[in-house]
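Here is a short report on a protein model.

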Amino acid sequence: MRRGNLRFTIETMKHGMNVSTVFPEGYVENDRVQQHASSMPKEDEDRSAQERHRRMKEFVGLEEVTKLDFLVMLFAEILGTFLLVLLGCASCISWSTSLPTVLHIAFTFGLAVTSLVQVLGPISGCHINPAVSVGLLISGNCSFLKTICYTVCQCCGAIAGSIVLKLLLPKAQVSHGLGATALHPEVTDAQGVAVEIIITFLLVLVVHAVTDPKRTDVKGWAPLAIGLAIAVAHMAAVPITGSSMNPARSLGPAVVDDKYKDLWIYWVGPLIGGAVAGGVYRMGLRVNKEDEEGSYDF
């Protein structure tokens, strides 16, 4: 190296290099990175805050429940649960001339739900079951306030259905009960809860699958698939727990008969089963994990 160049280098190191000789804009690379990094987090923060706000609004669902159309949806849930309990529990009544069979009860509930979903599905989604509403809440397809409102209406419809059924039956038949669910004498509480979890898990899983917009193979089959899932569950579980899989269905006859023994089983089991099914479908079984989940609202 020449002596002049060496001197220039030493002087530069002492006094600091003029950055304009490296970057004409007057910025070193570190300054560029720091300035870019300082501006980006603010934009990302704003975007993240807006996204969190939007998701929170969707989860709560205040705008949805304050619309006038929501009253029609609530009426549909009351009507659907009313008819389900009235017709379904009527099939459980023991008459002197004939006793209900498991197949009889299973197909009554299954076909009743098939018919109701076909009619009320486009209006309210035809949940007619608090466990279904909770499952859809967990999977992100039903808002929190909507779930609460639906559950209250479903319980009211179930109680109304049991009252009307009591009025329609002769007094001698009323003394035999109104089709309330009950555990087999040899079945423990834990076994009852486990059975209700399993059959409700199946139901809510089927609900998610047949209403997933990415599933092109099940279009138009949702009512039948849901009804068959209920019928199969009843065939398996009627002798064990009475096959509730619906807290409102068990609540109606219990309130009218004023008999609340083991009622908690028919709330805890189905709600756990529905919640687990919603979580499982959301995390691993939906067709396209990047897209939003399908709704039970047809």
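A search of the whole structure turns up one cavity of 30 Å³ or more. The model is a predicted one. The largest cavity has a volume of about 140 Å³.

Which residues lie closest to the centre of the largest cavity? They are Leu-84, Val-113, Asn-129, Ile-230 and Asn-246, out of 16 residues in the lining. By class, the lining divides into 10 nonpolar, five polar and one charged. Two elements give two or more residues each to this lining: α5 (102-124) and α10 (222-241). Of the elements, α10 gives the most, with three residues.

Next, the aromatic rings. The structure holds one aromatic pair. Its members are Phe-70 and Tyr-150, with ring centres 6.2 Å apart. Their planes stand at 10 degrees, so the pair is stacked; the cut-off for stacking is under 30 degrees. The pair links distant parts of the chain, as Phe-70 and Tyr-150 are 80 residues apart. Phe-70 sits in helix α4 (residues 69-90). Tyr-150 belongs to helix α7 (residues 144-168).

The two helices that carry this pair also cross. The axes of α4 and α7 come within 7 Å, at an angle of roughly 40 degrees. That angle makes α4 oblique to α7. The crossing is right-handed. Residues of the contact between α4 and α7 fall into 17 nonpolar, five polar and two charged.

Why oblique? Angles under 35 degrees would count as roughly parallel, and 65 to 115 as roughly perpendicular. The crossing of α9 and α12 is right-handed. Their contact is made of 16 nonpolar, seven polar and two charged residues.

The table sets out the two contacts by residue class.

| α4 with α7 | 17 residues | five residues | two residues |

To recap, start with the cavity of about 140 Å³, where α10 gives the most to the lining. Then look at the stacked rings of Phe-70 and Tyr-150. Finish with the right-handed crossing of α4 and α7 and the right-handed crossing of α9 and α12.

Definitions and conventions: Residues numbered from 1 in each chain as written. Predicted model: local features only at pLDDT ≥ 70, side-chain atom pairs only at ≥ 80, totals over all residues. Heavy atoms only, no water. Left-handed = near helix turned anticlockwise from the far one by under 90°. Helix = DSSP H or I, 4+ residues; strand = E, 2+ residues; numbered from the N terminus. Nonpolar A, V, L, I, M, F, W, Y, C, P; charged D, E, K, R; others polar. 1 Å grid on protein atoms, 1.4 Å probe; cavity = no way out; pocket = protein on both sides within 12 Å on 5 of 7 lines; lining within 4 Å. Points joined across faces, edges and corners; volume = space filled by probe spheres on them. Phe/Tyr/Trp six-rings, centres within 6.5 Å; stacked < 30°, edge-to-face > 60°. Axes fitted to C-alpha atoms, helices over the stretch in contact; angles between N-to-C directions. Parallel < 35°, antiparallel > 145°, perpendicular 65-115°, else oblique.
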